[in-house]
Amino acid sequence: MRNLRTLFLNLFTWSLVLAVAFPLFWMVVTSLKPAFELFRRPPTMLPETVTFEHYWRLLTETPFLLYFRNSVILAASTTAVVIAIATVGAYSLVRFSYRGRESLAFLVLFTYLLPSVVLIIPLYLFMVKLGLSNTLFSLVIAYTTFALPYALWLLRSFMASIPEDLESAALVDGASRMGAFVDVILPQLLPGIISTALFTFILSWNEYLYALVLVNSDAARPLTTGVMTMLISAFNIEWSLLMAASVMMSLPLIVVFAFLQSYLTRGFGAGGVKG
Amino acid sequence: MTQQQKTPLERQYGLLGVMLIAPTVLVFCAVIVYPLVSAIYLSLFSIYTPTLKGDWVGLDNYAELLSGSEFWSSLWNNIIWTVGTLTLQIVFGVGMALLLHQNLWFRSLARSLILFPYFVSTVVAVLVWRWLFNDLYGILNHLVIFSGLSEMPLDWLGSMPNAMLSVIFVGAWKYFPFVVIAVLARLQTIPEQLYEAARIDGAGPISRFIDVTLPQLRDVLVVIIMLRAIWDFKEFDLIYLLTGGGPVISTQTLPLLVYKEAFALNRMGMASAYAVVMMAIMLVFMIAYIRRTGRADS
(Lines give C-alpha, C1' and ligand atoms only; values in the text may rest on other atoms or scores of the structure.)
Protein backbone atom coordinates (compact mmCIF):
# COMPACT_ATOMS: atom_id res chain seq x y z
CA MET A 1 0.00 0.00 0.00
CA ARG A 2 2.71 2.39 1.04
CA ASN A 3 4.89 1.37 -1.90
CA LEU A 4 1.99 1.85 -4.26
CA ARG A 5 1.44 5.35 -2.90
CA THR A 6 5.13 6.19 -3.36
CA LEU A 7 5.06 4.84 -6.90
CA PHE A 8 1.97 6.82 -7.79
CA LEU A 9 3.33 10.01 -6.23
CA ASN A 10 6.59 9.63 -8.13
CA LEU A 11 4.94 8.94 -11.46
CA PHE A 12 2.55 11.85 -11.03
CA THR A 13 5.21 14.35 -9.95
CA TRP A 14 7.72 13.28 -12.54
CA SER A 15 5.20 13.50 -15.37
CA LEU A 16 4.43 17.07 -14.29
CA VAL A 17 8.13 17.92 -14.04
CA LEU A 18 8.78 16.48 -17.48
CA ALA A 19 5.81 18.37 -18.91
CA VAL A 20 7.24 21.62 -17.52
CA ALA A 21 10.66 20.80 -18.93
CA PHE A 22 9.29 19.60 -22.27
CA PRO A 23 9.63 22.93 -24.16
CA LEU A 24 13.31 22.98 -23.28
CA PHE A 25 13.76 19.37 -24.35
CA TRP A 26 11.95 20.19 -27.59
CA MET A 27 14.28 23.13 -28.17
CA VAL A 28 17.32 20.84 -28.04
CA VAL A 29 15.67 18.16 -30.20
CA THR A 30 14.60 20.68 -32.85
CA SER A 31 18.07 22.19 -33.02
CA LEU A 32 19.52 18.75 -33.84
CA LYS A 33 17.05 17.73 -36.56
CA PRO A 34 17.94 18.05 -40.24
CA ALA A 35 15.60 20.28 -42.25
CA PHE A 36 13.68 17.46 -43.93
CA GLU A 37 12.86 15.83 -40.59
CA LEU A 38 11.68 19.06 -39.02
CA PHE A 39 8.49 19.25 -41.08
CA ARG A 40 7.53 15.60 -40.84
CA ARG A 41 4.10 14.76 -39.50
CA PRO A 42 3.75 13.33 -36.98
CA PRO A 43 6.91 14.92 -35.54
CA THR A 44 9.64 12.55 -34.38
CA MET A 45 10.24 12.67 -30.64
CA LEU A 46 13.95 12.01 -30.97
CA PRO A 47 15.85 13.02 -34.10
CA GLU A 48 16.38 10.05 -36.42
CA THR A 49 19.51 11.66 -37.78
CA VAL A 50 21.41 13.98 -35.49
CA THR A 51 22.99 16.91 -37.24
CA PHE A 52 25.05 19.84 -36.03
CA GLU A 53 24.71 21.74 -39.30
CA HIS A 54 22.47 24.38 -37.72
CA TYR A 55 25.07 25.12 -35.05
CA TRP A 56 27.77 25.30 -37.69
CA ARG A 57 25.70 27.70 -39.82
CA LEU A 58 24.86 29.75 -36.75
CA LEU A 59 28.52 30.25 -35.93
CA THR A 60 29.78 30.78 -39.47
CA GLU A 61 26.97 32.43 -41.45
CA THR A 62 25.24 34.66 -38.89
CA PRO A 63 26.50 37.43 -36.59
CA PHE A 64 25.74 35.15 -33.64
CA LEU A 65 29.31 35.12 -32.30
CA LEU A 66 29.43 38.92 -32.38
CA TYR A 67 26.18 39.10 -30.38
CA PHE A 68 27.54 36.47 -28.00
CA ARG A 69 30.71 38.45 -27.46
CA ASN A 70 28.68 41.61 -26.84
CA SER A 71 26.50 39.82 -24.31
CA VAL A 72 29.52 38.45 -22.45
CA ILE A 73 31.18 41.87 -22.26
CA LEU A 74 27.92 43.53 -21.29
CA ALA A 75 26.85 41.09 -18.59
CA ALA A 76 30.36 40.76 -17.17
CA SER A 77 31.00 44.51 -16.94
CA THR A 78 27.55 45.23 -15.52
CA THR A 79 28.13 42.55 -12.88
CA ALA A 80 31.61 43.83 -12.02
CA VAL A 81 30.49 47.46 -11.68
CA VAL A 82 27.34 46.63 -9.75
CA ILE A 83 28.98 44.18 -7.34
CA ALA A 84 31.80 46.62 -6.55
CA ILE A 85 29.41 49.47 -5.77
CA ALA A 86 26.82 47.31 -4.01
CA THR A 87 29.23 45.48 -1.71
CA VAL A 88 30.57 48.64 -0.07
CA GLY A 89 27.09 50.17 -0.26
CA ALA A 90 25.51 47.24 1.55
CA TYR A 91 28.29 47.33 4.16
CA SER A 92 27.51 50.98 4.77
CA LEU A 93 23.75 50.42 4.92
CA VAL A 94 24.00 47.58 7.42
CA ARG A 95 26.92 48.48 9.68
CA PHE A 96 27.06 52.27 9.88
CA SER A 97 24.72 54.86 11.25
CA TYR A 98 24.22 58.24 9.68
CA ARG A 99 21.31 60.47 8.79
CA GLY A 100 19.17 59.32 5.89
CA ARG A 101 20.25 55.69 6.07
CA GLU A 102 16.72 54.39 6.57
CA SER A 103 15.30 56.44 3.70
CA LEU A 104 18.09 55.16 1.47
CA ALA A 105 17.20 51.57 2.25
CA PHE A 106 13.61 52.47 1.42
CA LEU A 107 14.70 54.04 -1.87
CA VAL A 108 16.65 50.89 -2.77
CA LEU A 109 13.60 48.72 -2.25
CA PHE A 110 11.42 51.17 -4.18
CA THR A 111 13.72 51.17 -7.20
CA TYR A 112 13.98 47.38 -7.02
CA LEU A 113 10.26 47.31 -7.89
CA LEU A 114 10.26 50.18 -10.39
CA PRO A 115 9.13 49.37 -13.95
CA SER A 116 11.79 49.88 -16.64
CA VAL A 117 9.34 51.51 -19.05
CA VAL A 118 9.13 54.54 -16.76
CA LEU A 119 12.88 55.11 -16.89
CA ILE A 120 13.42 54.15 -20.49
CA ILE A 121 12.24 57.35 -22.21
CA PRO A 122 14.40 59.74 -20.15
CA LEU A 123 17.34 57.32 -20.36
CA TYR A 124 16.96 57.17 -24.14
CA LEU A 125 16.95 60.98 -24.39
CA PHE A 126 19.91 61.11 -21.99
CA MET A 127 21.97 58.68 -24.10
CA VAL A 128 21.12 60.49 -27.34
CA LYS A 129 22.14 63.80 -25.80
CA LEU A 130 25.45 62.38 -24.57
CA GLY A 131 26.02 60.65 -27.92
CA LEU A 132 26.21 57.28 -26.20
CA SER A 133 23.37 55.51 -27.97
CA ASN A 134 24.36 52.39 -29.93
CA THR A 135 27.21 51.60 -27.56
CA LEU A 136 27.63 48.78 -25.08
CA PHE A 137 28.54 51.41 -22.51
CA SER A 138 25.05 52.92 -22.69
CA LEU A 139 23.61 49.49 -21.93
CA VAL A 140 25.91 49.03 -18.94
CA ILE A 141 24.59 52.32 -17.58
CA ALA A 142 21.01 51.35 -18.28
CA TYR A 143 21.42 47.90 -16.74
CA THR A 144 22.61 49.36 -13.46
CA THR A 145 19.11 50.82 -13.04
CA PHE A 146 17.73 47.37 -12.25
CA ALA A 147 20.89 45.48 -11.32
CA LEU A 148 22.17 47.85 -8.64
CA PRO A 149 18.99 47.97 -6.48
CA TYR A 150 18.69 44.23 -6.89
CA ALA A 151 22.30 43.50 -5.87
CA LEU A 152 22.13 45.98 -2.99
CA TRP A 153 18.98 44.38 -1.67
CA LEU A 154 20.42 40.87 -1.84
CA LEU A 155 23.81 41.82 -0.39
CA ARG A 156 22.14 43.79 2.36
CA SER A 157 20.41 40.68 3.69
CA PHE A 158 23.56 38.57 3.26
CA MET A 159 25.52 41.23 5.16
CA ALA A 160 22.93 41.36 7.94
CA SER A 161 23.35 37.64 8.57
CA ILE A 162 27.09 37.98 9.39
CA PRO A 163 27.48 38.24 13.18
CA GLU A 164 28.55 41.69 14.27
CA ASP A 165 30.86 40.21 16.95
CA LEU A 166 33.33 39.07 14.30
CA GLU A 167 33.92 42.64 13.22
CA SER A 168 34.03 43.96 16.78
CA ALA A 169 36.67 41.36 17.69
CA ALA A 170 38.85 42.48 14.80
CA LEU A 171 38.41 46.12 15.84
CA VAL A 172 39.42 45.30 19.43
CA ASP A 173 42.52 43.60 18.04
CA GLY A 174 43.46 46.90 16.48
CA ALA A 175 42.22 46.51 12.93
CA SER A 176 40.88 49.60 11.18
CA ARG A 177 37.28 49.62 9.96
CA MET A 178 38.31 49.02 6.35
CA GLY A 179 40.89 46.44 7.46
CA ALA A 180 38.18 44.54 9.30
CA PHE A 181 35.96 44.81 6.21
CA VAL A 182 38.59 43.32 3.94
CA ASP A 183 39.92 40.64 6.33
CA VAL A 184 36.78 39.63 8.22
CA ILE A 185 33.61 40.66 6.39
CA LEU A 186 34.60 39.97 2.78
CA PRO A 187 35.58 36.30 3.32
CA GLN A 188 32.34 35.73 5.23
CA LEU A 189 30.35 37.48 2.55
CA LEU A 190 31.96 35.65 -0.37
CA PRO A 191 29.19 33.04 -0.90
CA GLY A 192 26.66 35.89 -0.86
CA ILE A 193 28.72 37.88 -3.33
CA ILE A 194 29.02 34.90 -5.68
CA SER A 195 25.31 34.27 -5.54
CA THR A 196 24.47 37.96 -6.11
CA ALA A 197 26.96 38.10 -8.98
CA LEU A 198 25.34 35.07 -10.61
CA PHE A 199 21.89 36.60 -10.36
CA THR A 200 23.12 39.93 -11.70
CA PHE A 201 24.89 38.23 -14.57
CA ILE A 202 21.78 36.22 -15.51
CA LEU A 203 19.53 39.29 -15.25
CA SER A 204 21.84 41.29 -17.54
CA TRP A 205 22.31 38.36 -19.91
CA ASN A 206 18.53 38.04 -20.32
CA GLU A 207 17.60 41.74 -20.51
CA TYR A 208 15.65 42.73 -23.61
CA LEU A 209 13.84 46.09 -23.39
CA TYR A 210 16.82 48.43 -22.88
CA ALA A 211 18.78 46.63 -25.58
CA LEU A 212 15.82 47.04 -27.94
CA VAL A 213 15.53 50.78 -27.36
CA LEU A 214 19.11 51.91 -26.87
CA VAL A 215 21.00 49.87 -29.45
CA ASN A 216 20.22 49.74 -33.12
CA SER A 217 23.43 48.46 -34.68
CA ASP A 218 24.88 44.97 -34.90
CA ALA A 219 28.19 46.11 -33.46
CA ALA A 220 26.68 46.64 -30.00
CA ARG A 221 23.68 44.33 -30.11
CA PRO A 222 23.52 41.69 -27.38
CA LEU A 223 22.10 38.21 -27.89
CA THR A 224 18.52 38.90 -26.82
CA THR A 225 17.76 41.51 -29.45
CA GLY A 226 20.26 40.01 -31.90
CA VAL A 227 18.52 36.64 -32.03
CA MET A 228 15.12 38.33 -32.40
CA THR A 229 16.52 40.34 -35.33
CA MET A 230 17.54 37.06 -36.93
CA LEU A 231 13.94 35.92 -36.56
CA ILE A 232 12.40 39.03 -38.04
CA SER A 233 14.85 39.59 -40.88
CA ALA A 234 14.72 36.01 -42.16
CA PHE A 235 12.59 35.54 -45.24
CA ASN A 236 11.21 32.27 -43.98
CA ILE A 237 11.66 31.48 -40.33
CA GLU A 238 14.30 28.82 -39.83
CA TRP A 239 13.20 27.17 -36.63
CA SER A 240 16.16 24.82 -36.35
CA LEU A 241 18.57 27.71 -36.56
CA LEU A 242 16.62 29.68 -33.97
CA MET A 243 16.46 26.70 -31.64
CA ALA A 244 20.21 26.21 -32.01
CA ALA A 245 20.64 29.88 -31.15
CA SER A 246 18.38 29.42 -28.11
CA VAL A 247 20.43 26.48 -26.89
CA MET A 248 23.68 28.39 -27.34
CA MET A 249 22.20 31.40 -25.60
CA SER A 250 21.28 29.24 -22.60
CA LEU A 251 24.78 27.76 -22.32
CA PRO A 252 26.04 30.04 -19.53
CA LEU A 253 22.91 29.20 -17.63
CA ILE A 254 23.42 25.47 -18.05
CA VAL A 255 26.98 25.88 -16.74
CA VAL A 256 25.68 27.75 -13.69
CA PHE A 257 23.04 25.10 -13.11
CA ALA A 258 25.53 22.26 -13.37
CA PHE A 259 28.16 23.65 -11.04
CA LEU A 260 26.83 26.50 -8.96
CA GLN A 261 23.21 25.72 -8.28
CA SER A 262 23.46 25.98 -4.52
CA TYR A 263 24.34 29.66 -4.93
CA LEU A 264 21.14 30.22 -6.87
CA THR A 265 18.90 28.74 -4.20
CA ARG A 266 20.76 30.72 -1.55
CA GLY A 267 20.03 33.93 -3.46
CA PHE A 268 16.35 33.13 -3.46
CA GLY A 269 16.30 32.91 0.34
CA ALA A 270 17.89 36.32 0.67
CA GLY A 271 15.82 38.03 -2.00
CA GLY A 272 13.21 39.32 0.38
CA VAL A 273 10.78 36.44 -0.04
CA LYS A 274 11.19 35.09 3.43
CA GLY A 275 7.82 35.58 5.05
CA MET B 1 20.34 58.99 17.99
CA THR B 2 19.26 61.01 21.05
CA GLN B 3 22.91 61.41 22.03
CA GLN B 4 24.05 64.93 21.16
CA GLN B 5 27.77 64.49 21.85
CA LYS B 6 29.41 62.03 19.48
CA THR B 7 32.90 60.75 20.12
CA PRO B 8 35.51 61.50 17.44
CA LEU B 9 35.59 57.81 16.56
CA GLU B 10 31.83 57.70 15.99
CA ARG B 11 32.02 60.79 13.84
CA GLN B 12 34.85 59.24 11.86
CA TYR B 13 32.85 56.06 11.37
CA GLY B 14 29.84 58.09 10.27
CA LEU B 15 32.01 59.80 7.67
CA LEU B 16 33.38 56.48 6.45
CA GLY B 17 29.83 55.13 6.17
CA VAL B 18 28.81 58.10 4.07
CA MET B 19 31.87 57.68 1.85
CA LEU B 20 31.06 54.01 1.28
CA ILE B 21 27.48 54.74 0.28
CA ALA B 22 28.46 57.73 -1.89
CA PRO B 23 29.00 55.73 -5.13
CA THR B 24 25.59 54.13 -4.71
CA VAL B 25 23.91 57.48 -4.13
CA LEU B 26 25.65 59.04 -7.13
CA VAL B 27 24.64 56.22 -9.47
CA PHE B 28 21.10 56.24 -8.08
CA CYS B 29 20.72 59.95 -8.69
CA ALA B 30 22.14 59.72 -12.22
CA VAL B 31 20.31 56.67 -13.53
CA ILE B 32 17.16 56.42 -11.42
CA VAL B 33 16.14 59.62 -9.63
CA TYR B 34 17.00 61.96 -12.49
CA PRO B 35 15.18 59.86 -15.15
CA LEU B 36 12.22 59.42 -12.82
CA VAL B 37 11.83 63.14 -12.29
CA SER B 38 12.33 63.89 -15.97
CA ALA B 39 9.72 61.29 -16.91
CA ILE B 40 7.18 63.29 -14.95
CA TYR B 41 8.49 66.53 -16.48
CA LEU B 42 8.45 65.12 -20.04
CA SER B 43 4.84 64.04 -19.61
CA LEU B 44 3.90 67.73 -19.69
CA PHE B 45 5.30 68.16 -23.20
CA SER B 46 4.38 67.02 -26.65
CA ILE B 47 7.58 65.60 -28.09
CA TYR B 48 8.16 64.20 -31.55
CA THR B 49 10.68 61.36 -31.16
CA PRO B 50 12.85 61.71 -34.30
CA THR B 51 13.59 65.40 -33.72
CA LEU B 52 13.17 65.36 -29.93
CA LYS B 53 11.60 68.83 -30.19
CA GLY B 54 8.52 69.61 -28.20
CA ASP B 55 6.11 72.14 -26.83
CA TRP B 56 4.73 72.62 -23.36
CA VAL B 57 1.20 71.24 -23.22
CA GLY B 58 0.65 71.09 -19.48
CA LEU B 59 -1.78 68.43 -18.43
CA ASP B 60 -3.23 67.92 -21.94
CA ASN B 61 -1.53 64.54 -22.28
CA TYR B 62 -3.24 63.32 -19.15
CA ALA B 63 -6.61 64.65 -20.27
CA GLU B 64 -6.21 62.91 -23.63
CA LEU B 65 -5.12 59.69 -21.95
CA LEU B 66 -8.01 59.51 -19.52
CA SER B 67 -10.60 60.29 -22.18
CA GLY B 68 -9.14 57.93 -24.81
CA SER B 69 -10.30 54.33 -24.97
CA GLU B 70 -6.87 52.80 -25.59
CA PHE B 71 -5.63 53.55 -22.09
CA TRP B 72 -8.64 51.92 -20.47
CA SER B 73 -8.56 48.83 -22.67
CA SER B 74 -4.82 48.41 -22.03
CA LEU B 75 -5.36 48.81 -18.31
CA TRP B 76 -8.09 46.22 -18.47
CA ASN B 77 -5.82 43.84 -20.43
CA ASN B 78 -3.12 44.48 -17.89
CA ILE B 79 -5.43 43.49 -15.05
CA ILE B 80 -6.64 40.35 -16.84
CA TRP B 81 -3.08 39.32 -17.62
CA THR B 82 -1.82 40.00 -14.08
CA VAL B 83 -4.70 38.28 -12.28
CA GLY B 84 -4.77 35.35 -14.71
CA THR B 85 -1.08 34.57 -14.76
CA LEU B 86 -0.63 35.24 -11.05
CA THR B 87 -3.44 32.86 -10.12
CA LEU B 88 -1.96 30.10 -12.25
CA GLN B 89 1.50 30.75 -10.86
CA ILE B 90 0.30 30.49 -7.27
CA VAL B 91 -1.83 27.38 -7.83
CA PHE B 92 0.82 25.53 -9.88
CA GLY B 93 3.61 26.85 -7.69
CA VAL B 94 2.16 25.82 -4.34
CA GLY B 95 1.03 22.46 -5.75
CA MET B 96 4.43 21.73 -7.24
CA ALA B 97 6.22 22.82 -4.07
CA LEU B 98 4.09 20.40 -2.02
CA LEU B 99 4.92 17.58 -4.44
CA LEU B 100 8.64 18.38 -4.51
CA HIS B 101 8.67 18.47 -0.72
CA GLN B 102 7.79 14.76 -0.67
CA ASN B 103 10.32 11.98 -0.85
CA LEU B 104 10.93 11.64 -4.57
CA TRP B 105 13.31 9.71 -6.72
CA PHE B 106 16.04 12.08 -7.95
CA ARG B 107 14.48 14.94 -6.06
CA SER B 108 17.26 17.47 -6.67
CA LEU B 109 17.17 16.78 -10.40
CA ALA B 110 13.42 17.40 -10.42
CA ARG B 111 13.94 20.68 -8.57
CA SER B 112 16.59 21.82 -11.09
CA LEU B 113 14.33 21.01 -14.03
CA ILE B 114 11.48 23.00 -12.48
CA LEU B 115 13.75 25.96 -11.90
CA PHE B 116 14.96 26.17 -15.47
CA PRO B 117 12.09 28.10 -17.11
CA TYR B 118 12.54 30.89 -14.59
CA PHE B 119 16.18 31.48 -15.39
CA VAL B 120 16.06 30.97 -19.12
CA SER B 121 15.93 34.21 -21.12
CA THR B 122 12.45 35.42 -22.06
CA VAL B 123 13.65 35.55 -25.65
CA VAL B 124 14.49 31.85 -25.54
CA ALA B 125 11.21 30.99 -23.81
CA VAL B 126 9.23 32.93 -26.40
CA LEU B 127 11.06 31.42 -29.37
CA VAL B 128 10.46 27.91 -28.06
CA TRP B 129 6.79 28.58 -27.37
CA ARG B 130 6.25 30.19 -30.75
CA TRP B 131 7.66 27.06 -32.31
CA LEU B 132 5.38 24.90 -30.15
CA PHE B 133 2.43 27.12 -31.14
CA ASN B 134 3.34 27.04 -34.85
CA ASP B 135 0.26 26.71 -37.11
CA LEU B 136 1.35 23.83 -39.30
CA TYR B 137 4.30 22.13 -37.68
CA GLY B 138 3.90 23.01 -34.01
CA ILE B 139 3.61 20.02 -31.76
CA LEU B 140 0.65 21.50 -29.87
CA ASN B 141 -1.48 21.68 -32.99
CA HIS B 142 -0.41 18.18 -33.85
CA LEU B 143 -1.62 17.01 -30.43
CA VAL B 144 -4.89 18.92 -30.79
CA ILE B 145 -5.69 17.28 -34.12
CA PHE B 146 -4.37 13.85 -33.12
CA SER B 147 -6.50 13.80 -29.96
CA GLY B 148 -9.55 14.87 -31.95
CA LEU B 149 -10.14 18.07 -29.95
CA SER B 150 -10.35 20.04 -33.16
CA GLU B 151 -10.36 19.33 -36.88
CA MET B 152 -8.41 22.44 -37.74
CA PRO B 153 -5.12 23.65 -36.31
CA LEU B 154 -5.73 26.29 -33.63
CA ASP B 155 -4.53 29.85 -34.05
CA TRP B 156 -2.88 30.14 -30.62
CA LEU B 157 -1.51 33.67 -30.84
CA GLY B 158 -3.41 35.36 -33.65
CA SER B 159 -7.01 35.32 -32.46
CA MET B 160 -8.94 36.09 -29.30
CA PRO B 161 -9.39 34.80 -26.66
CA ASN B 162 -6.63 32.30 -27.56
CA ALA B 163 -3.91 34.94 -27.65
CA MET B 164 -4.62 36.22 -24.13
CA LEU B 165 -4.91 32.67 -22.77
CA SER B 166 -1.65 31.64 -24.43
CA VAL B 167 0.18 34.66 -23.04
CA ILE B 168 -1.21 34.02 -19.55
CA PHE B 169 -0.23 30.37 -19.77
CA VAL B 170 3.32 30.99 -21.01
CA GLY B 171 3.72 33.64 -18.30
CA ALA B 172 2.64 31.11 -15.70
CA TRP B 173 5.07 28.53 -17.11
CA LYS B 174 7.93 31.03 -17.02
CA TYR B 175 7.37 32.45 -13.55
CA PHE B 176 5.78 29.75 -11.39
CA PRO B 177 9.22 28.33 -10.40
CA PHE B 178 9.71 31.47 -8.33
CA VAL B 179 6.68 30.49 -6.25
CA VAL B 180 7.91 26.88 -6.03
CA ILE B 181 11.31 27.84 -4.63
CA ALA B 182 9.96 30.39 -2.17
CA VAL B 183 7.23 28.05 -0.87
CA LEU B 184 9.59 25.07 -0.77
CA ALA B 185 12.05 27.02 1.37
CA ARG B 186 9.26 27.84 3.81
CA LEU B 187 7.89 24.28 3.86
CA GLN B 188 11.26 23.00 5.00
CA THR B 189 11.10 25.18 8.11
CA ILE B 190 7.68 23.99 9.32
CA PRO B 191 8.37 21.96 12.48
CA GLU B 192 7.57 18.26 12.06
CA GLN B 193 5.96 18.22 15.54
CA LEU B 194 3.02 20.23 14.24
CA TYR B 195 2.18 17.44 11.81
CA GLU B 196 2.68 14.77 14.44
CA ALA B 197 0.37 16.57 16.83
CA ALA B 198 -2.26 16.88 14.10
CA ARG B 199 -1.87 13.22 13.23
CA ILE B 200 -2.36 12.20 16.87
CA ASP B 201 -5.51 14.33 16.89
CA GLY B 202 -6.72 12.22 14.00
CA ALA B 203 -6.32 14.76 11.18
CA GLY B 204 -6.21 13.34 7.66
CA PRO B 205 -3.91 14.60 4.91
CA ILE B 206 -6.39 17.24 3.71
CA SER B 207 -7.15 18.70 7.10
CA ARG B 208 -3.42 18.61 7.93
CA PHE B 209 -2.83 20.72 4.83
CA ILE B 210 -5.62 23.19 5.68
CA ASP B 211 -4.93 23.43 9.42
CA VAL B 212 -1.14 23.12 9.56
CA THR B 213 0.51 23.87 6.21
CA LEU B 214 -1.64 26.74 4.95
CA PRO B 215 -1.47 28.90 8.11
CA GLN B 216 2.30 28.41 8.15
CA LEU B 217 2.54 29.44 4.49
CA ARG B 218 0.27 32.46 4.85
CA ASP B 219 2.97 35.06 5.46
CA VAL B 220 5.26 33.90 2.70
CA LEU B 221 2.33 33.67 0.27
CA VAL B 222 1.30 37.26 0.96
CA VAL B 223 4.83 38.43 0.18
CA ILE B 224 5.07 36.29 -2.96
CA ILE B 225 1.71 37.48 -4.25
CA MET B 226 2.60 41.15 -3.78
CA LEU B 227 6.02 40.78 -5.34
CA ARG B 228 4.79 38.76 -8.30
CA ALA B 229 1.80 41.06 -8.80
CA ILE B 230 4.20 43.99 -9.17
CA TRP B 231 6.52 42.10 -11.51
CA ASP B 232 3.72 40.65 -13.63
CA PHE B 233 2.01 44.02 -13.91
CA LYS B 234 5.12 45.60 -15.43
CA GLU B 235 6.02 42.64 -17.67
CA PHE B 236 7.03 43.77 -21.14
CA ASP B 237 9.31 41.25 -22.86
CA LEU B 238 7.08 38.21 -22.72
CA ILE B 239 3.92 39.81 -24.09
CA TYR B 240 5.71 42.01 -26.59
CA LEU B 241 7.64 39.10 -28.03
CA LEU B 242 4.77 36.61 -28.04
CA THR B 243 1.98 38.68 -29.56
CA GLY B 244 3.29 42.24 -29.83
CA GLY B 245 0.03 43.26 -28.17
CA GLY B 246 -1.99 41.73 -30.99
CA PRO B 247 -4.34 40.73 -32.50
CA VAL B 248 -4.74 44.51 -33.00
CA ILE B 249 -4.53 45.63 -29.35
CA SER B 250 -6.25 42.70 -27.64
CA THR B 251 -3.24 41.71 -25.52
CA GLN B 252 -1.70 45.16 -25.27
CA THR B 253 -0.85 45.99 -21.66
CA LEU B 254 0.32 49.36 -20.31
CA PRO B 255 4.08 48.75 -20.70
CA LEU B 256 3.49 47.84 -24.36
CA LEU B 257 1.39 50.94 -24.80
CA VAL B 258 4.20 53.11 -23.40
CA TYR B 259 6.69 51.52 -25.79
CA LYS B 260 4.35 51.90 -28.76
CA GLU B 261 3.63 55.57 -28.07
CA ALA B 262 7.30 56.42 -27.61
CA PHE B 263 9.01 54.42 -30.34
CA ALA B 264 6.36 53.50 -32.90
CA LEU B 265 4.01 56.49 -32.79
CA ASN B 266 6.87 58.85 -31.89
CA ARG B 267 4.98 60.66 -29.16
CA MET B 268 7.40 60.73 -26.25
CA GLY B 269 5.47 63.15 -24.10
CA MET B 270 2.32 61.09 -24.36
CA ALA B 271 4.30 57.92 -23.64
CA SER B 272 5.74 59.50 -20.50
CA ALA B 273 2.23 60.37 -19.36
CA TYR B 274 1.18 56.74 -19.80
CA ALA B 275 4.27 55.61 -17.91
CA VAL B 276 3.61 58.01 -15.04
CA VAL B 277 -0.02 56.89 -14.72
CA MET B 278 1.09 53.27 -14.82
CA MET B 279 3.56 53.91 -12.06
CA ALA B 280 0.93 55.66 -10.00
CA ILE B 281 -1.26 52.55 -10.23
CA MET B 282 1.66 50.32 -9.26
CA LEU B 283 2.57 52.58 -6.37
CA VAL B 284 -0.33 51.15 -4.36
CA PHE B 285 1.15 47.64 -4.55
CA MET B 286 4.69 48.91 -4.12
CA ILE B 287 3.90 50.80 -0.94
CA ALA B 288 1.99 47.82 0.45
CA TYR B 289 4.99 45.60 -0.21
CA ILE B 290 7.54 48.04 1.16
CA ARG B 291 5.55 48.60 4.35
CA ARG B 292 5.24 44.90 4.88
CA THR B 293 8.95 44.27 4.32
CA GLY B 294 9.78 47.16 6.62
CA ARG B 295 7.69 45.55 9.33
CA ALA B 296 9.33 42.14 8.83
CA ASP B 297 12.77 43.77 9.07
CA SER B 298 12.29 45.43 12.41
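This is a predicted model: local features need pLDDT of at least 70, side-chain atom pairs count only at pLDDT 80 or more; totals for chains, interfaces and linings use all residues.
Two residues are taken to be in contact if their C-beta atoms, placed from the backbone, lie within 7 Å.

In chain A, helix H1 (residues 2-32) and helix H12 (residues 239-249) have axes that come within 8 Å and cross at roughly 125°, which makes H1(A) oblique to H12(A). The crossing of these two helices, H1(A) and H12(A), is left-handed. On the side of H1(A), the contact involves Met27(A), Val28(A), Thr30(A) and Ser31(A), and these meet Trp239(A), Ser240(A), Met243(A), Ala244(A), Ser246(A) and Val247(A) in H12(A). By residue class, the contact of H1(A) with H12(A) comprises 6 nonpolar and 4 polar residues, with no charged residue taking part.

Chain B contains 12 helices and 2 strands, and its elements follow the order α-β-β-α-α-α-α-α-α-α-α-α-α-α from the N terminus on. With a radius of gyration of 25 Å, well over the 19 Å that the globule rule gives for 298 residues, chain B is more spread out than a compact globule. Taken along the principal axes, the box filled by the C-alpha atoms of chain B spans roughly 75 × 70 × 30 Å. Of the 298 residues in chain B, 42% count as buried. Among the contacts in chain B with a separation of 6 or more, 67% are accounted for by residues 24 or more positions apart.

Methods. Residues are numbered from 1 along each chain as its sequence is written. Chains are lettered from A and ligands numbered from 1 in the order in which they are written. Helices (H or I, at least four residues) and strands (E, at least two) are DSSP runs, numbered from the N terminus. The radius of gyration is taken over C-alpha atoms; the globule rule is 2.2 Å times the number of residues to the power 0.38. A residue is buried if 20 or more other C-beta atoms lie within 10 Å of its own, exposed if 12 or fewer, and partly exposed in between; C-beta atoms are placed from the backbone. Axes are lines fitted to C-alpha atoms, for helices over the stretch in contact, and angles run from 0 to 180 degrees between N-to-C directions. Angles under 35 degrees count as roughly parallel, over 145 as roughly antiparallel, 65 to 115 as roughly perpendicular and the rest as oblique. A crossing is left-handed if the near helix is turned anticlockwise from the far one by less than a right angle, and right-handed if clockwise. Ala, Val, Leu, Ile, Met, Phe, Trp, Tyr, Cys and Pro count as nonpolar, Asp, Glu, Lys and Arg as charged, and the others, Gly among them, as polar.
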